[in-house]
Amino acid sequence: MTTCITGPLRVLVTGGAGFIGSHTCVELVEAGHEVVVVDDLSNGHAVALDRVGEITGTRPVLEVADVTDATALDSIFRRHTIDAVVHFAARKAVGESTEIPLDYFHTNVGGTATLLASARRAGVRRIVFSSSCSIYGSTGADDLDESAPAAPTNPYAWSKLACEQMIEQACRHHDDLRAVSLRYFNPIGAHPSGLLGEEPHGTPRNIVPYLAQVAVGRRERVQVFGGDYVTPDGSAIRDYVHVVDIARGHVTALDHVDDRAGMQLFNLGTGQGTSVLELRAAFAAAAGREIPYVVTDRRLGDVPRLVANIDAVSHAWGWAPKYDVATMCCDSWRFQELNPDGYRR
Ligand code: NAD
Ligand code: WQD
């Protein structure tokens, strides 16, 4: 294991006002890096960056811009000297991607192509990319390592695979380009300060923000999608990973982005599976209150089990998750309790 980069970097974080991006800003600033955020605020919150400032003492600069806008990106790269890009900005709702696939291709694939080209014009040669376990689809494997075949089952997952392939090809043909793609499993939790968390616009589609809104009384009950899977309690199993661990993974990725030519590819998860019913119980325990639920039909496109094998990232970089599901639920609940209306003050 080698560490090539030890000094501070000037990092452009696209999507830095969103859930994972804002937590990553905290870890980057705390590691001594300088951060500039590009976000169009379509699903992010400028207040989240104020909170990053409260936690770290340094509020990242926010450039409100769309990553598909080459002129805006070129102007940002002219005004800020940047050493590396961490690219989170994307649309991420699987269900919505089946309704408006072309919008997903435009933002996720088009945005990544536009960003790569603009970064190249500015002489930036390091990129860390947000990828997703959804690329694996339903392979039926007990745990998934990076060699598992890609089998995206929806336009969102397809867009992430297309971006990975585009970045990999760009690295092949531009010798100086260095990239890391991180395939996150199910990031949940919140910053332990209670200042930063997950605040999706509209009705939550993911399980934890939904559980949190039921626990705080904003919604009546959670639907457990499917009770007839071939799993110990009949509900689906996922690999939930603390967002702070994911954020730390990006700092580690920047330390190692120069280690090898081409694109490095790693899973980020815990290697532990948790069922929906177990998660509901853990969240209820964290919140100290009942979370009513009803078991309904399976959600279209869901798979029974998605759990990471994280041997590769642990051997290459020594990265390992620090937090368990109970801590993830406590931290999510703290954010919800302290911010019952999210980032609206
Ligand atoms: P998020 O929606 O909270 O953050 C995405 C941010 O990007 C938002 O602040 C949004 O305003 C911004 N954005 C969207 N389109 C943009 C555009 N065209 N130009 C500029 N900014 C734009 O989502 P997140 O959960 O923090 O996800 C971050 C990244 O991680 C995404 O690329 C997502 O696909 C990936 N990912 C997320 C998960 C997950 O479960 N949360 C899992 C795997 C991968
Ligand atoms: C988790 C479990 C649901 C809501 C998605 C993307 C994946 C990645 C992570 C971006 C599932 C069940 C959910 C509810 C429920 N994101 N559930 N009731 O679908 O595992 O993964 O986020 O890359 O690509 O697909 O996450 O939080 O939606 O669901 O029972 O109200 O909770 O069926 O088993 P998912 P999720």
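The shell around ligand 2 is made up of nine nonpolar, five polar and four charged residues. In this classification Ala, Val, Leu, Ile, Met, Phe, Trp, Tyr, Cys and Pro are nonpolar, Asp, Glu, Lys and Arg are charged, and the others, Gly among them, are polar. Of the 18 residues around ligand 2, those that come nearest are Ser-132, Tyr-156, Gln-223, Arg-238 and Asp-302; a residue is near a molecule if one of its heavy atoms lies within 4 Å of it. The model is a predicted one, in which local features need pLDDT of at least 70 and side-chain atom pairs count only at pLDDT 80 or more, while totals for chains, interfaces and linings use all residues. Residues are numbered from 1 along each chain as its sequence is written, chains are lettered from A and ligands numbered from 1 in the order in which they are written, and side-chain values use heavy atoms, with hydrogens and water left out.

Strand β8 (residues 222–225) gives the most to the shell around ligand 2, contributing three residues. Helices (H or I, at least four residues) and strands (E, at least two) are taken as DSSP runs and numbered from the N terminus. Val-224 belongs to strand β8 and, with a relative accessibility of 2%, counts as buried. The terms here are buried for under 20% relative accessible area, exposed for over 50%, and partly exposed in between (1.4 Å probe, protein chains only). The C-alpha atom of Val-224 is separated by 4.6 Å from that of Val-295, and the two residues are 71 residues apart along the chain.

The side chain of Arg-238 places an N or O atom 2.6 Å from an oxygen atom of ligand 2. For the side chain of Asn-186, the corresponding separation from a ligand 2 oxygen atom is 3.0 Å. Ile-207 takes part through its backbone, where an N or O atom lies 2.9 Å from an oxygen atom of ligand 2. Taken alone, ligand 2 exposes 680 Å², of which the protein buries 89%; accessible areas come from the Shrake-Rupley method with a 1.4 Å probe, and for residues only the protein chains shown count as cover.

Ligand 1 is surrounded by 27 residues, and Asp-39, Asn-43, Phe-88, Tyr-156 and Lys-160 are the closest. By class, this shell has 13 nonpolar, nine polar and five charged residues. The side chain of Asp-39 has an N or O atom 2.6 Å from an oxygen atom of ligand 1, and a polar side-chain atom of Lys-92 lies 2.8 Å from an oxygen atom of the ligand. A polar backbone atom of Asp-40, in turn, is 3.1 Å from a nitrogen atom of ligand 1. Taken alone, ligand 1 exposes 820 Å², and the protein buries 94% of that. Two or more residues of the shell come from each of α1 (19–30), β5 (126–132) and α6 (155–173), with β5 giving the most, at three residues.

The loop between β2 (34–39) and α2 (46–56) holds Leu-41. Phi of Leu-41 is near 60°, a positive value in a residue other than glycine. With 27% relative accessibility, Leu-41 counts as partly exposed.

Turning to the aromatic residues, the structure holds five aromatic pairs. Rings of Phe, Tyr and Trp (its six-membered ring) pair if their centres lie within 6.5 Å; planes under 30 degrees apart count as stacked, over 60 as edge-to-face and the rest as tilted. Phe-266 and Trp-317 form an edge-to-face pair, because their ring centres are 4.6 Å apart and their planes stand at 65°. This pair links distant parts of the chain, 51 residues apart, with Phe-266 in strand β11 (residues 262–268) and Trp-317 in helix α10 (residues 311–317). Phe-266 counts as buried at 4% relative accessibility, and Trp-317 is buried with a relative accessible area of 5%.

The segment after α11 (325–338) contains Asp-341, and Asn-339 is placed in the segment after α11 as well. Asn-339 counts as buried at 7% relative accessibility, whereas Asp-341 counts as partly exposed at 44%. The side chain of Asn-339 is joined to that of Arg-51 by a polar contact of 3.1 Å.

Key. Polar contact = N/O pair within 3.5 Å; in protein donor to acceptor, adjacent residues only side chain to side chain.
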